[in-house]
Amino acid sequence: TTETGTKHPESSLLQKYFGDDGNKKVTYDQFADLVQELNLRVLHYRWRSLNPDSNNTVPMISIGRLLIRTASKLPPVLANNLISQDNASVRMSYRDFCIFHHVLDNLEELESRLELELQGKKTLTKAAFEEVVRAVSERRLTKIEQGSEGSGSIVMDTLFKWLDTDQSGQLDVKEVKGLLPLLQQTKAVTARPLALWENIVLGGSAAAIAGTAVYPMDTLKARIMNGQAGGIGGIFMDIVRKQGLMGLYRGLPAQLIGIMPEKALKLTLYN
């Protein structure tokens with residue numbers, strides 16, 4: 001419930017499927033409908049966050065910036081083109097926004113359908129390309145998305161322009177096979193597994209750094225436990241006055257000899 005006493009839309013959605021008491025069970029088809037409605041609401045909230053104008057359109061650059069912020073796996077080639085100044089005057093409708101979202105979520109299907117369409121052909125016309133994109137995206141549009149204004153042509157033109165590298169007005173097999181893998185690249189880089197010696201060195205180094213950082217506190221604790229008076233501040237000043245700052249680290253080498261092999265082995269086996 002909100003501060004004004006009204007219920008959140010999500011509450012009514014959950015009541016719709018699970019009842020007022022939340023104990024109602026749903027079928028698989030009902031669960032699929034629930035997920036679809038939730039996705040639609042997320043899309044709608046993102047759209048409203050872009051502050052559409054009176055014609056219910058927003059700049060493509062704004063959509064690009066939103067996707068860069070929210071989509072951790074947005075292909076870099078798409079991200080760079082979306083915020084290009086070439087698109088400064090391009091505006092997209094809500095329907096265009098939804099179509100674009102569905103295309104981005106199904107790039108693998110787009111690739112397979114384009115390759116299938118190119119079988120036995122040398123090139124693919126723009127009209128044929130648009131049919132493939134519609135087959136991928138529009139069948140996923142909900143009734144609300146289908147009823148909104150917009151033809152999706154901006155999405156088609158944008159995608160086709162990225163793929164048509166030679167500006168011939170047609171796509172060939174080389175362009176499809178060469179650029180679609182780029183579309184499927186993500187920002188995330190898979191880290192290589194660490195070698196055994198790297199795990200040992202890093203584990204031992206981490207133990208040494210941590211042990212060195214907290215050792216002065218261990219020194220003060222040991223003095224307090226042995227009955228030295230004066231409190232933490234007084235004991236600290238006493239050690240510094242008599243032994244200097246290095247007095248706080250007296251006995252550290254023996255401590256490191258003990259903890260570095262143990263921690264190195266522990267972290268190596270854990271990894």
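Reader: Is Phe97 buried or exposed, and how is such a label read?

Author: A residue is buried under 20% relative accessible area, exposed over 50% and partly exposed in between, with a 1.4 Å probe and protein chains only. Phe97 has a relative accessible area of 4% and is therefore buried. Please note that this is a predicted model, in which local features need pLDDT of at least 70, side-chain atom pairs count only at pLDDT 80 or more, and totals for chains, interfaces and linings use all residues. Residues are numbered from 1 along each chain as its sequence is written, and side-chain values use heavy atoms, with hydrogens and water left out.

Reader: Which residues of α5 are buried?

Author: Helices are DSSP runs of H or I with at least four residues, numbered from the N terminus. In α5 the buried residues are Tyr94, Arg95, Asp96, Phe97, Cys98, Ile99, Phe100, His102, Val103 and Leu104. Ten of the twelve residues of this helix are thus buried, so α5 is largely enclosed by the rest of the structure.

Reader: How many cavities of 30 Å³ or more does the structure hold, and which residues line the largest cavity?

Author: Rolling a probe the size of a water molecule over the atoms shows where empty space is left. On a 1 Å grid over the protein atoms alone, a cavity is a set of points where a 1.4 Å probe fits but cannot get out, and lining residues have an atom within 4 Å of a point. Points are joined across faces, edges and corners, and a volume is the space filled by probe spheres set on them. The structure holds two cavities of 30 Å³ or more, and the largest cavity has a volume of about 50 Å³. Leu43, Arg46, Ile63, Leu67, Phe97, Phe100, His101 and Leu104 line the largest cavity. The elements giving two or more residues to this lining are α2 (28-49), α3 (60-70) and α5; α5 supplies the largest share, four residues. Six lining residues are nonpolar, one polar and one charged (Ala, Val, Leu, Ile, Met, Phe, Trp, Tyr, Cys and Pro are nonpolar, Asp, Glu, Lys and Arg charged, the others, Gly among them, polar).

Reader: How many salt bridges does a search of the whole structure find?

Author: A salt bridge places a side-chain nitrogen of Lys or Arg within 4 Å of a carboxyl oxygen of Asp or Glu. The search finds five. One of them joins Lys242 to Asp238, with the closest N and O atoms 3.3 Å apart. Lys242 and Asp238 lie four residues apart in helix α12 (residues 231-243), separated by about one helical turn. Lys242 is exposed at 63% relative accessibility, whereas Asp238 is buried at 13%. Asp238, Arg241 and Lys242 are linked in a network of salt bridges.

How values were computed
1 Å grid on protein atoms, 1.4 Å probe; cavity = no way out; pocket = protein on both sides within 12 Å on 5 of 7 lines; lining within 4 Å.
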